[in-house]
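Student: I have a structure open and would like to learn how to read it. Could you walk me through a few features?

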Amino acid sequence: MPARDAVSLPNTEAFENIADHHIVRNFVGGLRMMLNDRTTAAYFWILVGITFLGVVGPMLAPYGIEQTQYSETGQILSAAPPSINHPLGTTFAGYDVLSRLLVGARPTVITGLLGGGLILTIGTSIGITAGYVGGRTETILMRFTDFVYGVPLIPFGIVMITFLGVGFLSSILVIGLILWRGGARVIRAQTLQIKQYPFVKVAKATGASRRRIIIKHILPNVAPMAIFFLALGVGYAIMLQASLTFLGVASPFTPSWGVMIRNAFNSGYMSQAWWWSLTPGLLIGITVLSTFMFGRGYEDLITADSESVEADTVAA
Amino acid sequence: MADDTPLLEIDDLEKHFEQSTNILDLLLRREPSKIQAVDGVSFTLETNDSIAVIGESGCGKTTLLLTLIGLHDITGGDVVYKGTPMSDFDDADWKEYRSNVQVIFQDPFNSLDPKMTVEESLKEPLKIHDVGNRDERVYQVLEDVELRPPEQYLHRKPMNLSGGEKQRVAIGRALVLEPDIILADEPVSMLDVSTQASVLRMLKDLIDDYDASMIYISHDLSTVSYISETVNVMYLGRIVESAPTEWILDDPKHPYSEALVSAIPIPDPHHDRARTEMSGAPRDPIDLGEGCRFRDRCPKVIPPDGIDVDQEAYREVMAFREALERDDLPLERIRKELDDPGDQEAFAAAIRGEYFSGEMTGENATTVDAALDDVADGDLDAAADRLRDRFESVCENTPLSVEAEADWHVACHQYYDHDRRTKEDHAITTD
């Protein structure tokens, strides 16, 4: 279009191209529709807030996480209840709970994003490949998925971590390597359905390559479903990481919220110093709840939107 | 290109699907039964020609189309495009074929990607075949399909288009590469009647303007005369009649075409006309065998010489024989419904009740009764032999196609000239 060509600034041009790209446009469009729903918007902003905490939390922390707090009389503030100086109290070792929470937001967010991202990537790749390519490839991939379904998660995590070594990242890896299974199945089912639509047949008849059909037609049409699984994956990853940490098979040195609960439990002061484990527990709960509810909001949205290809699958 | 090479030649095209086999079939080494969706279809599309293929749902017309665009593998015969058979296509031939043969599907609501704007959908074929000048071409094609002004439509998504507008975009997408051949699968049947006419007229004009040829597939004979000069009537995977549209509409020769033509609605409640009676539904196209495929439903099925039988009664015998020879009789069910499942006589009577309505007399009745007793005794082969001996029809040997008049092919024995050809040479007359 001549009008746009007249804008010669290369940067704006590039930016417009990105904004114009159909994946970005569909993503932004979908998000905007979701935020029209107030409940979904509320959960969305909670998630944005937690992500924000993950970025700036450590800078906001008033004390160091391993800085022992002393009372005015010079005694260690061991498991002190909330006060003005320490609004969320202190731990048994005299650390400030609020600071630990703020610093702990970052590992939680990283767990969610990395774990969810891993689940999304593996699940979508396997699902689309199996669904679109079909035949023997599909059989092999889906039987493998069935096999992974049979793997009990926590025992597998414990075994894997003894191989990979106890660590923060290895616990995320273990989660990602298992939890893609649900997404793979659903996305395969959707791909099978989309593959049968006339618009895919027309593209094939026009000579579109397999790659082109997957990228331009299948992917954009399964993308909303994939994002739904991303949301679920983020929630599951955070929850599971907390479980693994609590069981002691994830790194106790990364001060995540799961580690806080574990420390509180191990100290034997859990019932007296309720503030120590309650707040991280609540935060994990809120985060996971928000991701699930955000996903659910999406589900409602596409079920209502009858124009959308995926409406039938989700409704079924 | 040599002048006498036809644009597209469909030569005895065959698309059979194998019915899925289970482990028992494998163990017993049973031959998988074949679904003969398209079976021995031949016709030729010349440049600037428009040919229609007509038939009821399930007759194989959509399979024919999907085979023609190469989405199904051919199982027999060939499709020859500008002299090159599809079985010899290399990658470059396929690319050329895919840019020159475009398809319009029936369902406008799903033939556009819901995530793409009109502009993106129209540009996709151009990008695939690396054609330049895309903006202008897209603009032009939108004008051509009467979506004006094009600016208003470029950035819309299918969600914001009406059914007619969607189908116009789909037509535009098929035309944007300026193809030689358009394959249209009931392009207007899902539109409102008010939109049908205008879209159809536009399609017809555009095919002329773009210098393309068209194969138009439909179940609706009434729209065909707008579009095509030649009609092929298809029944159970085969073409039963092929002639210029006017001829078939005026004087259909094949009993099946006759039934189709007489089913075209006439918008006049007082109009009185003789309707052709057609009973039952088409068989499943599985293991069909030789001869005319319409014979078990045909009101004009030809009895053997020397047998005096009422036409309706004879058709019933044919339908019964068909089910018997294909082992399709619902014997289990009929027996279960009896008061006394052991009573052979009642069983034979119940089968009779299921398949025969009228009374027959003389030798005919004796043969049928004897056959029914055989069936009741479980001896199906004896029953089949008995019936075949008396009732075998010439329709069981009807060739694929008979030239009734010049340019008028009918697969019906009524037009089979026994003086000119003998029954044995029907294999050669399949052209």
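Tutor: Gladly! In chain B, 39% of the 431 residues count as buried (20 or more other C-beta atoms, placed from the backbone, within 10 Å of a residue's own). This is a predicted model, where local features need pLDDT of at least 70, side-chain atom pairs count only at pLDDT 80 or more, and totals for chains, interfaces and linings use all residues. Residues are numbered from 1 along each chain as its sequence is written, while chains are lettered from A and ligands numbered from 1 in the order in which they are written.

Student: How many helices and strands does chain B have?

Tutor: Chain B has 16 helices and 12 strands; these are DSSP runs (helices H or I, at least four residues; strands E, at least two), numbered from the N terminus.

Student: How are two packed helices described?

Tutor: By the angle between their axes and the distance between the axes. Here, the axes of H14 (residues 344-355) and H15 (residues 362-377) of chain B come within 9 Å and cross at roughly 120 degrees. Axes are lines fitted to C-alpha atoms, for helices over the stretch in contact, and angles run from 0 to 180 degrees between N-to-C directions.

Student: Which residues of H14(B) and H15(B) meet?

Tutor: Contact requires C-beta atoms, placed from the backbone, within 7 Å. Among those that meet are Phe347(B) and Ile351(B) from H14(B), and Leu372(B) and Val375(B) from H15(B).

Student: How many residues of chain A and chain B are in contact?

Tutor: On chain A, 21 residues are in contact with 23 of chain B. H9(A) gives the most to chain A's side, with eight residues.

How values were computed. A residue is buried if 20 or more other C-beta atoms lie within 10 Å of its own, exposed if 12 or fewer, and partly exposed in between; C-beta atoms are placed from the backbone. Two residues are in contact if their C-beta atoms, placed from the backbone, lie within 7 Å.
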